[in-house]
Amino acid sequence: MLKMWFLYKTMSLVDNRVYFGVYATNDIFFGTPDATDPYCGENAIILEEIKRYGRQRFRVEAIRGFATEKEAREADRKSTRLNSSHTD
């Protein structure tokens, strides 16, 4: 089965923190309620919070799918620049 690359965001339902990342999976429904892949990130903070609060306290949303890792990583770099330039 062909892997697809996703730019995704994970939101903590405990404290509303948002994390962005890139991930490859065979699950074409990744980041939707129909997903079978439970991945929500490898960031040390996320892993600690999952351990503390449980996976059900996190929501993963696929922002966009890509055919290649290169395309996904470039989109991630662009979104990081955009998100870091916003100040509320």
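This report covers the strands, core, aromatic pairs, helix ends and salt bridges of a predicted model.

Strand β1 spans residues 4–12. β1 pairs with β2 in the antiparallel sense, over eight bridges. One of the partners in this pairing is Ala24 of β2, which bridges to Trp5. Five residues separate the two strands of the hairpin, and Asn16 there takes a positive phi near 65°.

β1 also pairs with strand β3, residues 58–66. The two run antiparallel and are joined by eight bridges. Here Tyr8 has Ala62 of β3 as its bridge partner. Seven of the nine residues of β1 are buried, so the strand is largely enclosed by the rest of the structure.

## Thr10 in β1

Thr10 sits in strand β1. Its relative accessibility is 0%, so Thr10 counts as buried. A polar atom of the Thr10 side chain lies 2.7 Å from the backbone oxygen of Cys40. Beyond four places in sequence, Thr10 touches residues including Arg17, Tyr19, Ile46, Phe58 and Val60.

## Nonpolar cores

The largest nonpolar core has nine residues. They are Phe6, Tyr8, Tyr19, Tyr23, Phe30, Tyr39, Cys40, Ile46 and Val60. β1 and β2 are the elements that give two or more residues to this core. Apart from it lies another core, of seven residues, among them Trp5, Leu7, Ala24 and Ala75.

Tyr39 belongs to the nine-residue core. Setting aside neighbours within four places in sequence, Tyr39 is in contact with Tyr8, Tyr23, Phe30, Arg55 and Val60.

## Aromatic pairs

The structure holds five aromatic pairs. Tyr23 and Phe30 form a tilted pair, at 5.2 Å centre to centre and 45° between the planes. Both residues, Tyr23 and Phe30, are buried. Tyr23 and Tyr39 are stacked, because their ring centres are 3.7 Å apart and their planes are at 0°. Tyr23 lies in β2 and Tyr39 in the loop between β2 and α1, so this pair ties together parts that are 16 residues apart in sequence. Tyr23 and Tyr39 are both buried.

Ring pairs link Phe6, Tyr8, Tyr23, Phe30 and Tyr39 into a cluster.

## Ends of helix α1

Helix α1 covers residues 44–53. Asn43 caps its N-terminal end, with a side-chain oxygen 2.6 Å from the backbone nitrogen of Ile45. Just after α1, Gly54 takes a positive phi of about 95°.

## Salt bridges

There are six salt bridges in the structure. Glu49 and Arg17 form one of them, at 3.6 Å from N to O. Glu49 lies in helix α1 and Arg17 in the loop between β1 and β2, so the pair ties together parts that are 32 residues apart in sequence. Glu49 counts as buried, at 6% relative accessibility. Arg17 is partly exposed, at 41% relative accessible area. Asp15, Arg17 and Glu49 are linked in a network of salt bridges.

Other salt bridges lie within helices. Glu48 and Arg52 meet at 3.9 Å, N to O. They are four residues apart in helix α1, so about one helical turn separates them. Glu48 is partly exposed, at 39%, while Arg52 counts as exposed, at 52%. Glu74 and Arg77 meet at 2.9 Å, N to O. These two are three residues apart in helix α2, residues 69–84, so they too are separated by about one helical turn. Glu74 is partly exposed, at 29%. Arg77 is also partly exposed, at 43%.

Conventions
Residues are numbered from 1 along each chain as its sequence is written. This is a predicted model: local features need pLDDT of at least 70, side-chain atom pairs count only at pLDDT 80 or more; totals for chains, interfaces and linings use all residues. Side-chain values use heavy atoms; hydrogens and water are left out. A polar contact is a pair of N or O atoms within 3.5 Å; within protein, one must be able to donate a hydrogen and the other to accept it, and residues adjacent in sequence count only if both atoms are side-chain atoms. Rings of Phe, Tyr and Trp (its six-membered ring) pair if their centres lie within 6.5 Å; planes under 30 degrees apart count as stacked, over 60 as edge-to-face and the rest as tilted. Buried means under 20% relative accessible area, exposed over 50%, partly exposed in between (1.4 Å probe, protein chains only). A nonpolar core is a set of buried Ala, Val, Leu, Ile, Met, Phe, Trp, Tyr and Cys residues joined through side-chain atoms within 4.5 Å. Contact means heavy atoms within 4.5 Å. Two strands pair if DSSP finds at least two bridges between them. A salt bridge is a side-chain nitrogen of Lys or Arg within 4 Å of a carboxyl oxygen of Asp or Glu.
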